[in-house]
Protein chains: 2
Amino acid sequence: MTSPRRGYECGPWELRWRGLDLEELQRTESTFALSNGHIGMRGTLEEGEPRGLPGTYLNGFYEQHALPYAERGYGYPEAGQTVVNVTDGKIIRLLVQDEPLDMRYGRATTHERVLDFRSGTLRRTTDWISPTGRTVRVSSERLVSFTQRAVAAIRYEVEPLDDDVQLVVQSDLLANEPVETEAGDPRVAAALKSPLNAEFSWADGYRAVLVHHTAVSGLRMAAAMDHEIETPSGLRTRIRVEDDLARLTAAVDVPKGQRLRVTKFLGYGWSTQRSAPAVRSQVEAALAGALQTGWDGLLAEQREYLDRFWDSADVEIDGDPEMQQAVRLALFHILQAGARGENRAIPGKGLTGPGYDGHAFWDTEAFVLPVLTYTMPGAARDALLWRHSTIDKARARARQLGLRGAAFPWRSINGAECSAYWPAGTAAFHVGAAIAEATVRYLAASGDTEFDEQHGTELLLETARLWLSLGHHDQHDGFRIDGVTGPDEYSAVTDNNVYTNLMARRNLREAAAACERNPDVAAMFGVDATEIGDWRAAADAMTMPYDELLGVHPQSEGFTQHAVWDFASTPAANYPLLLHYPYFDLYRKQVVKQADLVLAMHLCGDAFTAEQKARNFAYYEAVTVRDSSLSAGTQAVLAAEVGNLDLAYDYLGEAALTDLHDLHNNVRNGLHMASLAGAWTAMVAGFGGMRDHGGRLSFAPRLPGELNRIAFRMCFRDSRFEVEIHPGETRYRLLSGSPLRLTHHGSAFELGTEPVHLPIPRLTAPPWPEHPAGRAPIRRHPERIRRNIEQES
Amino acid sequence: MTSPRRGYECGPWELRWRGLDLEELQRTESTFALSNGHIGMRGTLEEGEPRGLPGTYLNGFYEQHALPYAERGYGYPEAGQTVVNVTDGKIIRLLVQDEPLDMRYGRATTHERVLDFRSGTLRRTTDWISPTGRTVRVSSERLVSFTQRAVAAIRYEVEPLDDDVQLVVQSDLLANEPVETEAGDPRVAAALKSPLNAEFSWADGYRAVLVHHTAVSGLRMAAAMDHEIETPSGLRTRIRVEDDLARLTAAVDVPKGQRLRVTKFLGYGWSTQRSAPAVRSQVEAALAGALQTGWDGLLAEQREYLDRFWDSADVEIDGDPEMQQAVRLALFHILQAGARGENRAIPGKGLTGPGYDGHAFWDTEAFVLPVLTYTMPGAARDALLWRHSTIDKARARARQLGLRGAAFPWRSINGAECSAYWPAGTAAFHVGAAIAEATVRYLAASGDTEFDEQHGTELLLETARLWLSLGHHDQHDGFRIDGVTGPDEYSAVTDNNVYTNLMARRNLREAAAACERNPDVAAMFGVDATEIGDWRAAADAMTMPYDELLGVHPQSEGFTQHAVWDFASTPAANYPLLLHYPYFDLYRKQVVKQADLVLAMHLCGDAFTAEQKARNFAYYEAVTVRDSSLSAGTQAVLAAEVGNLDLAYDYLGEAALTDLHDLHNNVRNGLHMASLAGAWTAMVAGFGGMRDHGGRLSFAPRLPGELNRIAFRMCFRDSRFEVEIHPGETRYRLLSGSPLRLTHHGSAFELGTEPVHLPIPRLTAPPWPEHPAGRAPIRRHPERIRRNIEQES
């Protein structure tokens, strides 16, 4: 969509913004962020200002601070963690004759930025007339390397357009740059002022290094830069360094028709252990590699890496160009968040902004890892390795809470619990089930027995132990899990949350199976047959409340007896509700922030009949407000399953456009990784009907009315294959690897070297469900959208 | 009991501590505190040190401070309030020859302090040998006047015992004295450092005045002192004043056999409105009155006031001297807390210490006001007037929470909510029911139609409105009140708390009745017949969950299905549980901090059958740990009702001795007013079987085995009467006023001028209930206790 209001232009393989809009800078900085999962750089302009929020992040690099409580309680986390805006190496300032390039002054005749999903770079072209009338063209291209994890690079070119001109370029490393913060919204990250203590600085020639450490968390980081400069004539450079600033200054007179080209190579590293000389060596070694590869080499590697990714992961949509773009953007950012995390978390915002303090949540395992598992399984493995690396902290937390096994944190950077509000934090034990589920999914999809033995079984058995100690067998009604918070954050501390109980049941059974197939691992952790028997007994007796009167499942005990939220009297401005109503009122009423029972029907769909799903879906549609970005993707999946394809398409739109349209009005703080993942899930699990219950892949594809074709690619075990949905027919094609057993609309078939074409059964669409007043998803009409695009272009 | 470990000596009308025990100073400072409900003075020594916690309080005088939250939420209170240790006028320092009297040095051959329940004074006698061998006798007597609300006075005498001696006395007003604080325990008041800003100071002759104000709350206070000095010969005095100190210094040579006598008169006042000159005038006027009355006059008035009180309120216990003392001490401190509050709250600790930040809770209405209503109804009226004076804040709070009517605060000094943990604060809406119940009780006991019209009906209708907006009619099971916290603080945010629902039902019905008898008031607040009908319909449909399988009432929906706390594995050192286990675990298990369903069976006993009461009582005994001081008194009442008289006596012991034996290890921060009230309740509602359902007094007296006689006095309407329980017989006697209709063990009778003697029916005691391991109340054997006393004395 090229709506002038939004600014983005539509293109299948890129995201382009033409013109400069100061108001929109912050959110484009998020969508234009580059990352490889280790280094993250927001899409600020090279000249530093104007800007929204600058931001350079190193995954896992945080500062610690005390969490304040007016009334303390036992077991409250004492220390918070906040991602640090580290030394900024993106900055290249320019003096044109004697005027600094600042787009708030003078005039830009051309200005555009393009995020290219295939080259993996952010390009910029600006033709700028200075206040005194000098015209230059500034072109830049920037990458954070997927192949060289510690490296980023920027090519920066300036060309006089009307006359010879003197140019001065200042290329900086800047630590502790001032950052504006917002207060009042609990979702916005707490600010940290000057978090970096200078420890070492050095510069020589075109190269400089700054080493800093944090005061409380005691982490140490280094940033280094080196440069190649191509210029027509007499170049004069100087490099100098202070505690928080390293600067290479290059002055040159450039004749019209020629240009100044600066290539800036950046190396970043951090460590909990290594000394200042060691982290300095680390980043200088990274620079050496980058210089050896060179700019063109880095570009080529980046392209090759992305070609491989799209070959395994692409999703094609014929008939809705904006959606095509949005879904590829989503996959691109998920790749950026997870590609090279390597034993670090995938935060809720990736490395695109400071939102949620840079914390990782259950979002990673529940929403992001399914995408990575089937598109880039190595990245899913890495993310699970991070979780596993925190298991001692999770065991200690469980002990502190009086429980067995492992209690993984609700929000964290280093694995220790940082949630200062326990009803939404500690009590949300379902994070453990998401980790177990992601483990089981990864194991089934990869067949990675080494991971199973060394990490997976341990994750499964420690999460299972948590459930057994958290629940109890009751004489009334089986095995209960009381006092927990499910996915829906507008309820808390409830009994027998259906999602939690079903996921715990699966966790218990999978742990039993894992211990039986890895008896040595089981023995190492003291699991015996009695314990395995206890897990199975608890699983078999798991309570699943049901409201006989209404014929639906309450998402937790008693939910359907609560008052329904007065949606009719709730003005649109009062959403999200949590900013306008007290928790006490949200918790005790039927109002759902995000899919909870509906998520249970997705992930544990085999525990419900088709009729139950239809009734439950309609019931929860009427009370779900989607104040969370975690919801639309899941609602799309169930809408598609019960046959509401148009509604599913609307939800796909919401999930995919959450960040592009800034639906939650907070994209300036970073992208919503889980919502981006939800777009993929809506496509593959929604319209593709993909399910992986019991580790077996099944499909039930359906094409929404206004699309001509959907195709998506997936990895499973050593195979890659494509599913292509046409009106009335699905075409399955093996791209590489061994034949696969799959299921199509309930019928198993074998996919070998020959494509398999199977008919799509006719669908009887159910009635359109009711939605809370004003909270139905925006209706999406691709046909009309396409016409608009044609008119505008 | 004269156990040397405890230090207190037994006496029917006094509390005496002989000897000095530095470790025990803090708690004796609480038990020896003097107060009239307006001024409170902890029982520190005149010389200021050694001391535990100094403390002088003015009811309602607080400083405000921001409440910190690591994660904010809508509607969280922003401002906390903390009682201020105001200008200390208790201090009279002494120099003996050239050595300061400090009991940590030299040697005390005699030291004792006596709180006298009939004179209403604290007396002290100390014979002290200074390090260089001078011996003096220091005697003091101190009072906070019940008759002159702004006045306190100290008589201080020094007598040389072995030789002539030079004495220097420094009598101070000291503001901002440094106070030690403890951290880590959420129950301990947050400290405020130097809360008083100096505004005016003046001194002349024997008189001085200090005026201060608080920085944030903007309250202004004045303290003034004047003196009378009697001395044998040449007295030399000097008075001087600084911002935070006024000091009268008197030097005199006293021959052996003569003495120095200083009488110090203190005036205190504070205001939100008045200027410094005005509050100064106020306290100087108070001094003028005090000087006019004189020390002997103040003593006489105090005695007369207390004689009247004991005439209406005394409880006599024959057969257990320690209990006799404890119950009178309890009544004395309740009187001190409530006597002259006059439109100010009765805080949870009275004015005896800084505990709970000086906040008032529902304790006042639910536990303290029943005592005052039947012993000193004017004080009950005053306390309700305070509540009524905050009703606009409560209405605003209700609006903020999206509710109608009035939402009174969980904890407050000025009427604004100060609870920073909403599941135990905001959600505990039952505070409204306690206020309504106290109103109804006061109206029934007093017949005060003026209060009814001007305040009572408004309190009832606004609390009723809250319930109607808080609950809803559900198609499943009637009118529900979901997501609230009942009295038991080891559960929170539950559905259909039986106590809350039953109390709300009564509140709704009483509001309907009040509006019908005061149609003008109803009209003024816009109550029409429809609204009254809605109240009655909600009351009639009120849900009361019942567990058919176990045959008991769950205290809230689902409670009896939760896991029972593992008492056997809980070490004694881990009580109170809230300091050793997370809320999440306490909330989701069957473990009860304080009577909840059992309190419902006391206050709404007419909603249960006798058999239900017996079954419920036994069930909840097994899971109630009494980590709260609000519990034992109520458990005594129900134990007595179901026939467990010995158990009731044990609980009486716990309630009455909570502070004397420091059972909760926090008496240093102040006395537990509700527990002291619980001692009275255990006597009158427990052994007396007094109930006031429907505003009618009934009794079902029973004498526990080891007592010979119980007698208690009560006020009802314009009458006073006595109930005297003997083995096998109860004697009712009208002391003054009109005849009364009463009920004895279910049979109505009229009590006129002739005493009525009625037999006590035989009792079949039920089985002894189970208790959580290690949490049964201490068994009480008065016979053995009496023998110990005889041996020791």
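Modeller: Start with contact: two residues are in contact if their C-beta atoms, placed from the backbone, lie within 7 Å. By that rule, 45 residues of chain B are in contact with 45 residues of chain A. This is a predicted model, where local features need pLDDT of at least 70, side-chain atom pairs count only at pLDDT 80 or more, and totals for chains, interfaces and linings use all residues. Residues are numbered from 1 along each chain as its sequence is written, while chains are lettered from A and ligands numbered from 1 in the order in which they are written.

Colleague: Which elements of chain B supply at least two residues each of the side that touches chain A?

Modeller: They are β22 (472-474) and α12 (583-587) of chain B. Helices (H or I, at least four residues) and strands (E, at least two) are DSSP runs, numbered from the N terminus. The largest share, four residues, comes from α12(B).

Colleague: What makes up that side of chain B by class?

Modeller: It has 22 nonpolar, 13 polar and ten charged residues. Ala, Val, Leu, Ile, Met, Phe, Trp, Tyr, Cys and Pro count as nonpolar, Asp, Glu, Lys and Arg as charged, and the others, Gly among them, as polar.

Colleague: How do you know that the copies meet through the same surface?

Modeller: 100% of the interface residues of chain B are also interface residues in chain A, so the surface is the same on both copies.

Colleague: Why is A:E489 called buried?

Modeller: A residue is buried if 20 or more other C-beta atoms lie within 10 Å of its own, exposed if 12 or fewer, and partly exposed in between, with C-beta atoms placed from the backbone. A:E489 has 21 such neighbours inside 10 Å, so it counts as buried. It sits in the loop between β23 (478-480) and α9 (498-517) of chain A. Beyond four places in sequence, A:E489 is in contact with A:A424, A:K593, A:Q594 and A:S628.

Colleague: What feature does UniProt place at A:E489?

Modeller: The unreviewed entry puts "active site" there. UniProt positions are given in the numbering used here, feature names are shortened, and annotations may be inferred rather than shown by experiment.

Colleague: What makes A:T56 buried?

Modeller: It has 27 C-beta neighbours inside 10 Å, so it counts as buried. A:T56 lies in strand β5 (residues 56-58) of chain A. Not counting residues up to four places away in sequence, A:T56 touches A:G40, A:M41, A:N85, A:V86, A:T87, A:D88, A:G89 and A:K90.

Colleague: Now the sheet. What is the order of its ten strands?

Modeller: In chain A the open sheet runs β1-β2-β10-β11-β12-β13-β20-β17-β16-β15, with antiparallel pairing. Two strands pair if DSSP finds at least two bridges between them.

Colleague: Why are β1 (8-9) and β15 (196-204) of chain A said to stand at the edges?

Modeller: Each has a single partner strand, so one side of each is left without a neighbour in the sheet.

Colleague: How many bridges join β12 (residues 135-144) to β13 (residues 151-160) of chain A?

Modeller: Nine, and the two strands run antiparallel. For example, the partner of A:S139 in β13(A) is A:E157. β12(A) and β13(A) form a hairpin with six residues between them. Eight bridges join β13(A) to β20(A), also antiparallel. There, A:A152 has A:L266 of β20(A) as its bridge partner.

Colleague: What makes β13(A) mostly covered?

Modeller: Eight of its ten residues are buried.
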